[in-house]
Amino acid sequence: MIPRFKDARDVFFERRFGMFVHWGLYAIPAWHEQILWRGKVKRKEYEQLIREFNPTRFDPDAWLDLAEAAGMQYICFTTKHHDGFCMWNTKHTEYNVMNTPYGKDILGMLAEACHRRNFPLSLYYSCPDWHHPNYPNQGRHHEMFGPRPGDDPDIEKYYDFVKKQIEELCTNYGNIYQLFWDVNVAEYYEPSINEWIRSMQPGILINDRGPGKGDYNTPERHVPEGGVFSKPTEACQSLGRESWGYRDNEDYYTNKFIMQSIDKILAMGGNYLLNVGPKADGTITSENVEALQSIGSWYNRVKEAFEGTVPATDMIHQDVMTTAGSNQVIQRDQVLITRKANTLYVHLYRDPQTQSILLKPLDVLPKRAVLLNNGRELEAQVDLMPVYWKERPYLRILGLPANEMSGEVMVVKLEFDESVCE
Ligand code: GLC
């Protein structure tokens, strides 16, 4: 079992699915949120975008409607990405949203909507800063190639600025659910900062990419397969393959790929933060809206297999190709299992090969087997299979509509009378 915090932070284990939003000036060139670093654009040129940013169609409730309808339980917003541009009314740099033609406190508007709807708000904050004169840009990864004339690289002074900004974020915007620090390139460690944040925001969860150890891990994009996470984990993934910020001609993942990824991470006991990059006008693209609608429709139908469950894949043995004498055992479907009391959930997070699954070594019939995707009952048998003729009968679930459901991850609920689970 993944260790619990045993305090208010344990709400982390209940909020399994969140919306990540990458939004800032970079939505205007619409190439990648790190266009300054990866796109070799000059800082002077990029910083002119502040004169253009005018998201007149920004409506935080529209974002939250979409997130809620998809079954998401919190939102994490980029207050300041690596470019250093701040999406709130900060007193500590001019490089912020109040100095755009829009001139409104975007974070304030989002926070107001979140608190009014009782929807938890998390804040992303980048450690590197490509604008602030005190950040020591040395051309390491996620950094500019050196100081500009007039800069005064000094990590201590920079963190004084960071602390002032964090203080604004932690005191002016109500309850903050999580702080998502990003890439501690300068490897500046000062654990007292996280502790001080906790004093301003009791119960806040802080991730592992900042100046202190943090509460939970944040693997990104493609997470290796395995049984169970050993630490609290929130994996993140973007709907777009190439960028987190809005990108013209983005290459979007298929809904199925994202469902498989969500299913895998959640069944391993992790949480999932799924990213959208709104356009410069503040709207979320129709491609993203449609994707979130169909992923959300699936999520809402199967979510009881995640919420309140624990990973239990170790209850079954999955054969990989073996040759025992002349007896060849072919790799069968790899599934993941979650459990809630005497109920097991079987996650077909990879495309099934056939219309049935065999759950070795289980050999007890469930009182009911239901495909959560459509609520239909499935047939279960305990059979001696020819391939396991030297062993014993095992539980099989039959009649999966694998062809009809090829666009979704199927999740089967098995209710047992007594504990097959201990
Ligand atoms: C990576 C990207 C960064 C993005 C982050 C989200 O670190 O480089 O741009 O904000 O992932 O986790």
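The second largest pocket of this predicted model has a volume of about 240 Å³. Of the 19 residues that line this pocket, those closest to its centre are Glu 33, Gln 34, Asp 182, Glu 220 and Trp 244. Sorted by class, the lining of the second largest pocket comprises 6 nonpolar, 6 polar and 7 charged residues.

Several of these names return when one turns to the ligand, which is surrounded by 14 residues, the closest being His 22, Glu 33, Gln 34, His 81 and Glu 220. Glu 33 places an N or O atom of its side chain 2.5 Å from an oxygen atom of the ligand, and for Gln 34 the distance from a polar side-chain atom to a ligand oxygen is likewise given as 2.5 Å. Glu 220 also brings a polar side-chain atom to an oxygen atom of the ligand, here at 2.9 Å. Taken alone, the ligand would expose 310 Å², and the protein buries 95% of that area.

The largest pocket holds about 290 Å³ of space. It is lined by 16 residues, and those closest to its centre are Arg 15, Pro 120, Asn 175, Ile 176 and Tyr 177. In this lining, 10 residues are nonpolar, 5 are polar and 1 is charged, whereas the lining of the second largest pocket, as described above, has 7 charged residues.

The largest cavity has a volume of about 90 Å³, and its lining draws on several stretches of the chain: Ile 316, His 317, Gln 318 and Asp 319 take part, as do Arg 332, Asp 333, Gln 334 and Val 335, together with Leu 358, Leu 359, Lys 360 and Tyr 388. By class, these lining residues divide into 5 nonpolar, 3 polar and 4 charged.

For the second largest cavity the volume is about 60 Å³, and of the 14 residues that line it, Trp 244, Gly 245, Tyr 252, Gly 277 and Asn 288 are the closest to its centre. The lining of the second largest cavity is made up of 5 nonpolar, 7 polar and 2 charged residues.

The cysteines remain to be considered. A disulfide is a covalent bond between the sulfur atoms of two cysteines, and a search of the whole structure finds 0 of them. Cys 76 is in no disulfide, and the nearest cysteine sulfur, that of Cys 236, is 8.8 Å away. Why does Cys 76 count as buried? The reason is that Cys 76 has a relative accessibility of 0%, which lies under the 20% limit used for that term.

Conventions: Residues numbered from 1 in each chain as written. Predicted model: local features only at pLDDT ≥ 70, side-chain atom pairs only at ≥ 80, totals over all residues. Heavy atoms only, no water. Disulfide = S-S within 2.5 Å. Buried < 20%, exposed > 50% of the residue type's maximum accessible area, 1.4 Å probe, protein only. 1 Å grid on protein atoms, 1.4 Å probe; cavity = no way out; pocket = protein on both sides within 12 Å on 5 of 7 lines; lining within 4 Å. Points joined across faces, edges and corners; volume = space filled by probe spheres on them. Nonpolar A, V, L, I, M, F, W, Y, C, P; charged D, E, K, R; others polar. Near = heavy atom within 4 Å. Polar contact = N/O pair within 3.5 Å; in protein donor to acceptor, adjacent residues only side chain to side chain. Areas by Shrake-Rupley, 256 points an atom, 1.4 Å probe, with all protein chains shown as cover.
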